[in-house]
Each structure stands twice: as structure tokens, then as C-alpha cells.
Amino acid sequence: MSAGSVTEYTDNLSENGKKYVSDFIGFMREQYPQIDSKICFSMPMWLAGEKMKDGYIAVSAAKNHFSIHFSEEGYVTNIAKMVPACKTGKQCINIKYGDDESYQIVKDHVRDFNFFPHS
């Protein structure tokens, strides 16, 4: 069953998943208060425009890691060079639960993702 809202999504996560996904949601709300999150492809997503092709960032949780997804594969490649402890997936960085150092580096570079206008 897929979540209908961001709250429903986080409510159904493991303790680790809830901790990190909720933190990232709070981070995005702080950085981009003008962009509302919504559920797309069964995960919280922030769209830069009307469609995914306009740019997006999303977050999802798995058993042993959480992922931050970007609409540009090249952006994932650049961030991956800075966080060698993390694996990458298709357009995402997979961060192991508890790897707060890598998570902070990724968050620092989310601010540079040029698809989103800062408020």
C-alpha cells in the first residue's frame, strides 16, 4: 500500500527511516519553504516546477539506508565523489543509517542544487 501523504509515508517507516527521512523533510522545508512536498513514485518529492522534468529532489527509506534522489544524474555523480562511504543508485545517493558525516555533506550540497530558487 502506498502512502497518500508525506505524514503517512513517514509514519510507516522503521525508527531509523523515520528519523532520517523526517530530518530531511525538515531540512527541505527550511531551505525551500516555497516548495511543498508531495508523494510521487511512493516517496516525498519536491518539484522545481509543474513536472518532474523541471527538476526534483526526493527522499526514500530502505532497510539499511535512506536515499536522496536528484533529477540530474551528473549531480549524483559529483556528490558521490565527496561521500565515498555511500553507494549510488539510479539518480540517488544511498546513505547508511548512522553515517551522519556523509548525510551532512549531502545536505550541504543539496543547497547548491540549482533547480530550486532559494526564498
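Mentor: Buried means under 20% relative accessible area, exposed means over 50%, and partly exposed lies in between (1.4 Å probe, protein chains only). The model is predicted: local features need pLDDT of at least 70, side-chain atom pairs count only at pLDDT 80 or more, and totals for chains, interfaces and linings use all residues. Residues are numbered from 1 along each chain as its sequence is written, and side-chain values use heavy atoms, with hydrogens and water left out.

Trainee: How far apart are the end C-alpha atoms of helix α2?

Mentor: Helices are DSSP runs (H or I, at least four residues), as are strands (E, at least two), numbered from the N terminus. Helix α2 holds 17 residues, 15-31. The expected span is 1.5 Å times one less than the number of residues. That predicts 24 Å, and the end C-alpha atoms agree at 24 Å.

Trainee: What arc do the buried residues of α2 cover?

Mentor: The buried set is Gly17, Tyr20, Val21, Phe24, Ile25, Phe27, Met28 and Gln31. They lie on the same side of α2, because their arc around the axis (directions from the axis to the C-beta atoms) is only 160 degrees.

Trainee: Which exposed residues does the face turned away carry?

Mentor: The buried side of α2 is covered by elements including α1, β2, β3, β4 and α4. The face turned away from that side carries the exposed residues Glu15, Lys19 and Glu30.

Trainee: Are α2 and α4 roughly parallel or roughly antiparallel?

Mentor: Their axes are 12 Å apart, at an angle of about 25 degrees. Contact (heavy atoms within 4.5 Å) involves residues including Phe24 and Phe27 of α2 and Tyr103 and Lys107 of α4. Angles under 35 degrees count as roughly parallel, over 145 as roughly antiparallel, 65 to 115 as roughly perpendicular and the rest as oblique. The two helices are therefore roughly parallel.

Trainee: Is Lys107 buried or exposed?

Mentor: Lys107 lies in α4. Leaving aside residues up to four places away in sequence, Lys107 touches Asp23, Phe24 and Phe27. With 11% relative accessibility, Lys107 counts as buried.

Trainee: What separates the C-alpha atoms of Gly4 and Ile39?

Mentor: Gly4 sits in the segment before α1 and is exposed, at 63%. Ile39 is 35 residues away along the chain, yet the C-alpha separation is 6.7 Å.

Trainee: What is the phi of Gln91?

Mentor: Most residues other than glycine have a negative phi. Gln91 lies in the loop between β5 and β6 and is buried, at 19%. Gln91 is not a glycine, but its phi is positive, at about 60 degrees.

How values were computed
Axes are lines fitted to C-alpha atoms, for helices over the stretch in contact, and angles run from 0 to 180 degrees between N-to-C directions.
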